[in-house]
Amino acid sequence: MKRSRVLAVLVGGVFCVAVMSLYCMLELMQGAELQQGGARPAAQVDEELSRLQQKIDRLERLLSDNNRLVATLRDTLFNHKASWETGGGGGNMSSGSTHSQADTLPGCRLAGETKDGSDGVQLSDVYDLLPFDNPPGGAWKQGFEIHYHGNEWDEQPLELFLVPHSHNDPGWLKTFDRYYDDQTRHILDNMLVKLSEDSRRKMIWAEVSYFSKWWNELDDQKRERVKRLVRAGQLELVTGGWVMADEANSHYFALLDQLIEGHQWIHRHLGVRPRCGWAVDPFGHSPSMAYLLKGAGLSNMVIQRVHYAVKKHFARQQTLEFLWRQGWDSSPRNDIMCHMMPFYSYDVPHTCGPNPSVCCQFDFHRLPGGRVFCPWRIPPQPITEQNIQERALLLLDQYRQKSRLFRSPVLLVPLGDDFRFVESSEWDAQFYNYQKLFDYFEQHPELHVKARFGTLSDYFHALERRLSAAGTTLPTLRGDFFTYADRDDHYWSGYFTSRPFYKRLDRTLEASLRASEILFSLTLAAMRSFRGDGRPVAGFPTREHFGRLTAGRRSLALFQHHDAVTGTARDPVVVDYGNRLFHSILDLRHVLQSSAHWLLLLDKSRYHHDQSKPFLQMDEVISAPDVLPQKTPLTLSKEPRSLIVFNPTEQQRTSVISVLVDSADARVVDAETGRPMAAQMSAVWAEPSSASTEVFQLDFVAELPPLSLVVYHVTRALTGSAHRARYTFHRHGNPPTVQSQHFQVSRPVGPEADTPVSLSNKHVQIWSSPETGLLQKLRLRSGLVRQVQVQFLWYGTRTGANRDKSGAYLFLPGEEGAQLYSSSEPPLVRVSRGLVFSDITSYFRHFTHTVRLLHLDGHAGRTLEISNTVDIRSEFNRELVMRLVSDVANGNSFFTDLNGFQMQQRRTLEKLPLQANFFPMSSSSFLQDAASRLTLLSAQSQAVAALRPGELELVLDRRLQQDDNRGLGQGVTDNKLTDNLYHLLLEDRRGDAQEVGRASVEHLSLLAHLTSLSLCHPPLTMFAPVDNQLPKIHPFRPLRSSLPCDVHLLNLRTLEDDHEAGSPSQEVALILHRKGFDCSSAPEPVPVCTWSMHEEVNLDQLFSPLQFRSVRPSGLTMLRDDDHQESAQQHPPTHMVRLQPMEISAYRVTLD
């Protein structure tokens, strides 16, 4: 009690001091303003009002800091009180230097084993159990013989739903538009005719990208016919995404965004919402997608591409239908019913039953005389009076065998394949012949089968009814379905890396889209407030910018297709995707520049939009879809040049901003305060040892409030006045000739030449090899030391004329395994040391490798920035790998992220081939033991493995000359000069650190989350033209303080107006993700943001001074059907919401 009183008094005292300080400062400011008095010109009044506004803004930030301090103390008090009452130690919110198991971080997620009831399935346990021996299974080659007696359906007749479908890839062998013109439009045209002919006919459709394009060409009469088919349940749109998305490489922002785009389109034009998911072609399946589907209002889903041995095991156990549960979730609230298709493919030969030679006889598109035939050489027969009994019983036998793999007598049988039902004749052949079979079944009740055409909703409604009546429960399952193998040792781990240039461009567009969405939404809210009538400002291209945002959303969405971001399309299709990404990035920059322009102007009446001559320009230029971005050099003089930096994250951050200038000496000041910023000048190396004499790199430290636009002034400085980087060059046995006019250059001599190169800042020290410049060792300020060696290696592919080889999909390495990278001559190593950063760059023939330390006080200085520029265009059947070799004792266990949303434990299994132990990494992976964790955070997706204890390796690029026989018909030879970027974070582990080897759910640390946020959403730099007549601009700071460390603003997305198509609504989609973070690593140094265990938060306080006129909780795809009325009816209402760890929460809000 005594300690509680002391803390209470402390909190009260701090609060009183803060309030009195603010009061005194305001009094002083008011006095100063009154003393000036007198009549003043209007311009002077405006300027003084502006200064007053800036002072008030600073006071608000000061108040916010005090509020944060009070909140910290409150939570500390809360934690201490709870622990004292239970006899434990005290909770610690901000000091991270030491903590014990009893003293965990408030709000963190304890690592723990995931255990379900006796009927629960853990995928990692299944992998431990299976021998992966692949014995022949008879007609079902990868399975087993299925037997039945014939009386199993006497009491409960077999209820069968034949579900017609056509899988339309939005780009693969042809471009999106070519596929549409050649095939898809005809499929949908025929669908409208053929379904209308008979109400018993059904069909499902998945790809909204195609459906919306077709809809735009329909007249009103045909649109009404489509709506009637949808209302009647004959046509069902399944999943409802813009595409059938890849689930390995795609980031969860993009996965959700393409779902929102699809669901919004369906709801707007058809008035319905999807209820069932359909994912038959993505190459492996992620629980992150299952979570998003459930959050979007779906109840059921179907998946197909799962390892054949896992399918066989699930079929034996009758667990092909299950409740998919999130690994981190202890409750069933996010469970979704999932149906796993049991056989090899989703085509007709592999869906009616276990024997493809029989099932193919019931694909009536393959009737003799057509262009498609059965490879088993037994063609289908038209159903006639003479053969119907034999044909019906042959087909029923397959249905019955398949039914024995499931727990209920309800059976799902898909009918379709890629781009099926193009021709009218195929519709007739399938529907007429199957209807005859169904009629025969109905006329023979002794067969105990009821068969009909159906949709997924029809199937799942019947399944739920039968399960409920029988009291049958489905098992729960946790885990993911990577890495996929369709046969033999053919593991699909190659596509985790294929076309890495475009995987990186995908994330560039994602970051650009999110930044543009947020700034555009804030701009419209500010405009409505400025006008006072709720309408945008005249002259601002609101509708045009919303069109650009929509196009950007759809370009990003299209690239999430499972043959796009995967890198598994033909070369011309990849070029088409690249053009779409590129043009969307350029268009979104217009939105950013125009929005920033209006927000920054002191006098809003000076706003003028001229797209040909924008007020602001990006400092980074992308000149073509297949080249790396380049920075534009700025011309400096004694007159200040305005630089504007946008922080697209919800966190206050300290960042290093890099620009190119035409002077070797430059000065940067905060335009608002005149405070000089820490800066350094570095050389721009035209060649590895030749510095430019005309262009120089200026790097300065920027303090960026959350979601802010901050203005800096850059001027040319006196010669020699700026801090310049110093350089040391190494090359073993062959010292280079260095040309550098403006910078100090030295070469190590004597024993120094053989001494490891060391760099350090306040948080970490590193040592690198003097021969190669590659990292060797890391030491933290805490004293923790870890060997971390960087290596580069090559993988080849299998040799032999008749052997399968690596291609776009498959990774089939040669028997020799990875070979250490070697070069004929030693690399040039350049070491730079400066005030803002120091780095080591190594030049090899196929890549340039840089490791950089930032000299920053905050947590941004805790990580090691690693970048590679890779060029393997000269190689033949090789894959380049970067490997980290450490002394972290992780055993055979490591962790990778799934879509940037959650972490998944992996086990490297010796019984599996090397390629099976590679997994997708969207943004992070880590190794850990009881004392330390080594985390690699990535700005792009790629393959990752931990083949031996302490090792982590990433595939950087792959160049493969041949097709891997999965339908693409080409190799991967369109490689580009490609950048990839990482942050490496070493952390102490304490408290609840678990023994290695136990199956557990782990999360990134708080520091890793913040680092990943900065890496994926870097600051965006713009500059104003050189013009003395420029209007005055001032910073834009929409938030007083950072959001809590573990709350991520996933998006602030302006919705389309309900009444005016193509125009923005006043409503905005506010999407928040509260991240789960690890309890065993306290952030050191302590970040600016706070965190706590409280789940109830006040949105008004969280986003202050932004105000919400309305807040309606919604489903993840923002459909109005999901809206809930505001719980609070007070005036004004308090917008209290519940943010639970790991959960994504969505709200339709109106901003003021």
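The loop between β11 (476-478) and β12 (485-487) is where T483 lies. In this predicted model, a cis peptide bond joins F482 to T483, with omega at about 5 degrees. A cis peptide bond is also found between E1084 and P1085, where omega is about 0 degrees. P1085 again belongs to a loop, the one between β45 (1064-1074) and β46 (1096-1098).

I remain with backbone geometry for a moment. L707, which is not a glycine, has a positive phi, near 55 degrees. Its place is in the loop between β21 (690-704) and β22 (709-716). Is L707 buried or exposed? L707 has a relative accessible area of 2%, and therefore counts as buried. N877 is likewise a residue other than glycine with a positive phi, here about 50 degrees. The loop that holds N877 runs between β33 (864-870) and β34 (878-886). At a relative accessible area of 11%, under the 20% limit, N877 is classed as buried.

Which residues of α13 are buried? They are L456, S457, Y459, F460, A462, L463, R466 and L467. Please note that the list contains an arginine, R466, and a serine, S457.

Y459 leads us to the aromatic residues. The structure holds 56 aromatic pairs. One of them is formed by F161 and Y459, edge-to-face, with 6.4 Å from centre to centre and 80 degrees between the planes. This pair links distant parts of the chain, since F161 is in strand β2 (residues 158-167) and Y459 is in helix α13 (residues 456-470), 298 residues apart. Both partners are shielded by the protein: F161 is buried because its relative accessibility is 1%, and Y459 is buried with a relative accessible area of 0%. A further edge-to-face pair is that of F322 and W324, with centres 6.2 Å apart and planes at 75 degrees. F322 is buried at 1% relative accessibility, and W324 is buried at 0%.

F362, F364, F421, W427, F431, Y434, F438 and F453 form one aromatic cluster.

In general, nonpolar side chains in soluble globular proteins tend to be buried together. Here, the largest nonpolar core has 217 residues. Which residues have the most contacts inside this core? They are F211, F314, Y399, Y434, F481 and F1103. Taking F1103 as an example, and leaving aside residues up to four places away in sequence, its contacts are P1038, L1039, L1043, L1049, L1070, L1072 and F1108. There is a second, separate core of 43 residues, and F792, L853, L884 and Y982 are among its members.

S403 lies in helix α11, which covers residues 388-403. Its relative accessibility is 4%, so S403 counts as buried. Beyond four places in sequence, S403 touches W153, L158, S408, P409 and L411.

Two placements of a charged residue over an aromatic ring also deserve mention. K777 lies over the face of W767, at 4.6 Å from the ring centre. The charged end of R852 sits over the ring of F837, 3.8 Å from the ring's centre.

Finally, I come to confidence. The protein averages a pLDDT of 90, and 88% of the residues score at least 70. Where does the pLDDT stay under 50? One such stretch is residues 1-9, for which the model has six contacts beyond four places in sequence. Residues 22-40 likewise have a pLDDT below 50, and this stretch has 14 contacts in the model beyond near neighbours in sequence.

How values were computed
Residues numbered from 1 in each chain as written. Heavy atoms only, no water. Core = buried A, V, L, I, M, F, W, Y, C linked by side-chain atoms within 4.5 Å. Buried < 20%, exposed > 50% of the residue type's maximum accessible area, 1.4 Å probe, protein only. Contact = heavy atoms within 4.5 Å. Helix = DSSP H or I, 4+ residues; strand = E, 2+ residues; numbered from the N terminus. Phe/Tyr/Trp six-rings, centres within 6.5 Å; stacked < 30°, edge-to-face > 60°. Lys NZ or Arg CZ within 6 Å of the ring centre and 35° of its normal. pLDDT = per-residue confidence, 0-100.
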